[in-house]
Amino acid sequence: MIQIQPELKRIEELRQLLQQASYAYYVLDAPIMEDAVYDQLYRELQQLETQYPELVTPDSPTQRVGERPATHFTSVRHNIPLYSLENAFNIDELQAWDQRWRRQLPTTDGVKYVSELKIDGSALALTYQDGVLVRGATRGDGVTGEEITQNVRTIRSIPLRLNFDGIEPIERIEVRGEAFLPLEVFKQINEERQKAGEQLFANPRNAAAGTLRQLDSRIVARRRLDFFAYTLHIPGMDDASIANTQWEALELLQKMGFRVNPNHQLCESLAEVAEYYKYWDTERLNLPYMTDGVVVKLNAFKLQEQLGFTQKFPRWAVALKYPAEEAPTRVENIAVNVGRTGALTPLAEMRPVQLAGTTVSRATLHNSDRIAQLDIRIGDTVIVRKAGEIIPEVVRVIKELRPADTVPFVMPSHCPVCGQPVVRESGEAVTRCVNASCAAILKGSIEHWVSRDALDIKGVGEKLVHQLVDKGLVHSVADLYDLTEAQLCSLERMGEKSAQKLVDAIAQSKNQPWHRVLYGLGIRHVGSVNAQLITEKYPTVEKLETAKQSDIAGIYGIGAEIAQSVYQWFHIDANQALIARLGNTGLQLAAEETATMGESNQKFAGKTFVVTGTLPTLKRDEAKALIQKAGGKVTDSVSKKTDYLVVGEDAGSKLAKAQSLGITQLTEAQLLQMLTDE
C-alpha cells in the first residue's frame, strides 16, 4: 500500500475535482472548467483506476456508465414507503383538501405552503450511506420497488457522493425525486426509433419508465435522463435537527449536490397557491420538460408529523392536477399500415377534432393488444387526447354510445398489401409481414434509402417511389442505379430535364460515406448514430460481414439487440447478393482512409459546431461534412457545450440562444477561412 499511496491521493483529488465540475455543470448550470479539461482529468482517472482496480469505488465518476447488462432486477422493500398523493382537479377541490386537514388540528395560524411543479416522469428512491449512493429503486407499489442502482448511476444530475461541506455528515439519507426525459431528448429518441423501424414511445413519462427498466445501463446512459429531487428523509433522526421545513429541505438538497426544480414557491396563503397553479397552467407549455400539475405541501415538518397519513396518502400534501386536453370524436375507419420493417400498425381514422391547437384526424392504435384492451370498433365514439401533448392517442371508448351493429375489430391474418400470411413472434406485440417482396416493405425501404440521413437523393419522393414500384421498374434499392432517363420519362409528370436531374442525383449518391450506406440498408434497430459507431469499428463491409455477433455487441453504444439484428441481416443470402450489387454500382462500402491524415488536418478536434440558416454556397450537409472531416463535431441544438454557430440567412431561435450563451458565430466565409488557414 505504501507504493500506491501517491496514486491513491491523486485518485481522490481527481474524483473530487470531477464531482465538483459535474455539480457545477449539471445542477448549477455554471461550468467551472472547459470540456477538454474535464475530459483530460477523466481520462487520467480512468488510467489510474485501470492500473489499480482495487482502488475503484462505487462513487467514482467513471462508474456512471459501462456496466455489464443485468439479467434481471431484484425486488427491494423501501425503508420509507413512497406514498401516493391525493389528487385535486380544480381550486374547489384544493380548498376542500385544505379544510379537511385544518379540522385535524387545534390551531392553524401562520400556516405556509410550498408549491412545486409535478414533474411527469418516474419516481425514484435513492439511498446514501456515509454520503455514497448505495441504492436506487423504482417506486413500484410504494412499499416494494425494483433495485436499479446501475441505471441510476448513469443520470448525471444524481450525485454519486453527497457534498457535506458546511453540513454535519449524516450516516444514512433517503432522497425521493423524479427521473424524466427532457422534451428535446424525447423527440430525438423517437426520431431514432422511427428511422430504425421501432415503435414510438407514446409520451416522455412512458419513455422514462421504460428507460429505467433497461437491463443494459449503456442504453440508459445514451438516453440522457434528468432528475429533480423533492423529498429528504433521514431515518432514525429528527428531521428538524437538520431542516425544520420543506423549504429548508429543498435548500439542503441543493447544497448536498442535487438538482431541485427552480420553480418551487413558498406561499403565504391558499390564494397564493391558486395563483401559482393558474400561472403555470399556461407557462408549463414553455418548459423543456413535461409537468401535469402542482404538488402542494404544508411547509412545516411539525405540522406534517401531526397530521400523518391515511392508509393511502399523506394528509399534509395534495397533487393539484391540470386536466389533460381531451375531446370526443367518432371512429370512421380502422386502417392497417405496413411499414418498411413489415410491422402492421392499426390506425384509427376519425372525424377531425381540435386538440392542443392542432387538428387531429388519425391516432395510432399500436398493435392488436391495444385494440383488445380498448375494445375499439368502427363506429365507436372515443375520447382522444394528445399524449404528452405530442402524440394523439385514443384514451377510451364510450361504449354507451356504441351503435348496435358494430363488430369487434380483428387484425388481418394476411398482409393487406401483398396478401401473404403475417406472423407474430413469441414475446412481441407487433404483427409483421415477412414477405421481403411485399410492395409496402419495398416502398418503405426505398423511401428510407433516399432519405436525408441516408443516401439523400433529392427528387425521389413518396409519389415517385410508388410509381417506380407499381410499374415494376424497381425491385430493390440497387435497381435505382440502373434507371435510365428513358424509363423515368415514361412516368407521370416526368420530363426530360427532371429525368436527367434524377439520374444525376442517384449517381451523386454513390459518393455518400459508408456509414450512410449502412444506415440506408434499413437494418432493424440501426439508426444513423448506431451506423456511425459500427462503421468506426468496421471500416469496410467485408469486415462487418465477417464480424462475430459478440464483437459487434461489444461496441460502446450498440448492445446485444442491435448486434443480433446486424449479424442476422448480413447472414441472409438475399442481403449478401444486394451488397454485392451495391458494390458493383460504385457505392462506398468502405470508410475513407484516414490513417494518412496528420494531426495538423484535425483543426476542429474537440470543437462542437451547430449549423443554422441557409448558407450562401454550401448546403448544410456539405458544411457539416467539412467540419467533421476536420475533426469537429456537429450537433443539432445549441447548448453551453457549443463552441461555434455557423450562421446563414433565416437563422431563427438557434442564433438567439447562441447570443444569450455568448457562443462565437461564424459566417460561411469565416468557416472556410478557418479551414484553409495554416
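Q: Looking at strand β4, how many bridges join β4 to β5, and which way do the two run?
A: There are 6 bridges between β4 and strand β5 (residues 132–138), and the two strands run antiparallel. Keep in mind that this is a predicted model.

Q: Okay, and what does Leu124 stand opposite in β5?
A: In β5, Leu124 stands opposite Thr138.

Q: How many residues sit between the strands in the hairpin of β4 and β5, and which residue there takes a positive phi?
A: The hairpin has 2 residues between the strands, and Asp130 takes a positive phi near 55°.

Q: What about β7, how many bridges does β4 make there?
A: β4 is joined to strand β7 (residues 172–180) by 8 bridges, and this pair runs antiparallel. Leu124 turns up again, with Gly177 as its bridge partner in β7.

Q: What holds strands together like that, in general?
A: Strands of a sheet pair through backbone hydrogen bonds, and the pairing can be parallel or antiparallel.

Q: So is β4 enclosed or open, and why?
A: β4 (residues 122–129) is largely enclosed by the rest of the structure, because 7 of its 8 residues are buried.

Q: Now Gly121: where does that one lie?
A: Gly121 is in the loop between β3 (113–119) and β4. Gly121 counts as buried because its relative accessibility is 12%, and the cut-off for buried is under 20%.

Q: Which residues is Gly121 in contact with, leaving aside neighbours within four places in sequence?
A: Those are Glu178, Ala179, Phe180 and Arg205. Arg205 is 84 residues away from Gly121 along the chain, yet their C-alpha atoms are separated by 4.5 Å.

Q: Switching topic: which residues does the UniProt "binding site" annotation cover?
A: According to the UniProt record, an unreviewed entry, the annotation covers Cys415, Cys418 and Cys438. These three are spread over 24 residues of sequence but cluster in space, with 8.6 Å as the largest C-alpha distance.

Q: Is Cys415 buried or exposed?
A: Cys415 is buried, at 3% relative accessible area. You'll find Cys415 in the loop between β16 (391–397) and β17 (422–423).

Q: And where does Cys438 lie?
A: Cys438 is in the loop between β18 (431–433) and α12 (439–449). Cys438 is buried too, with a relative accessible area of 0%.

Q: On to helices. How do α3 and α9 cross?
A: The axes of α3 (residues 91–102) and α9 (residues 270–283) come within 11 Å and cross at roughly 150°. The crossing of α3 past α9 is right-handed.

Q: Which residues meet there?
A: From α3, Ile91, Leu94, Gln95 and Asp98 meet Leu270, Val273, Ala274 and Tyr277 from α9. That contact divides into 6 nonpolar residues, 1 polar and 1 charged.

Key. Residues are numbered from 1 along each chain as its sequence is written. This is a predicted model: local features need pLDDT of at least 70, side-chain atom pairs count only at pLDDT 80 or more; totals for chains, interfaces and linings use all residues. Side-chain values use heavy atoms; hydrogens and water are left out. Axes are lines fitted to C-alpha atoms, for helices over the stretch in contact, and angles run from 0 to 180 degrees between N-to-C directions. Helices (H or I, at least four residues) and strands (E, at least two) are DSSP runs, numbered from the N terminus. A crossing is left-handed if the near helix is turned anticlockwise from the far one by less than a right angle, and right-handed if clockwise. Contact means heavy atoms within 4.5 Å. Ala, Val, Leu, Ile, Met, Phe, Trp, Tyr, Cys and Pro count as nonpolar, Asp, Glu, Lys and Arg as charged, and the others, Gly among them, as polar. UniProt positions are given in the numbering used here, feature names are shortened, and annotations may be inferred rather than shown by experiment. Buried means under 20% relative accessible area, exposed over 50%, partly exposed in between (1.4 Å probe, protein chains only). Two strands pair if DSSP finds at least two bridges between them.
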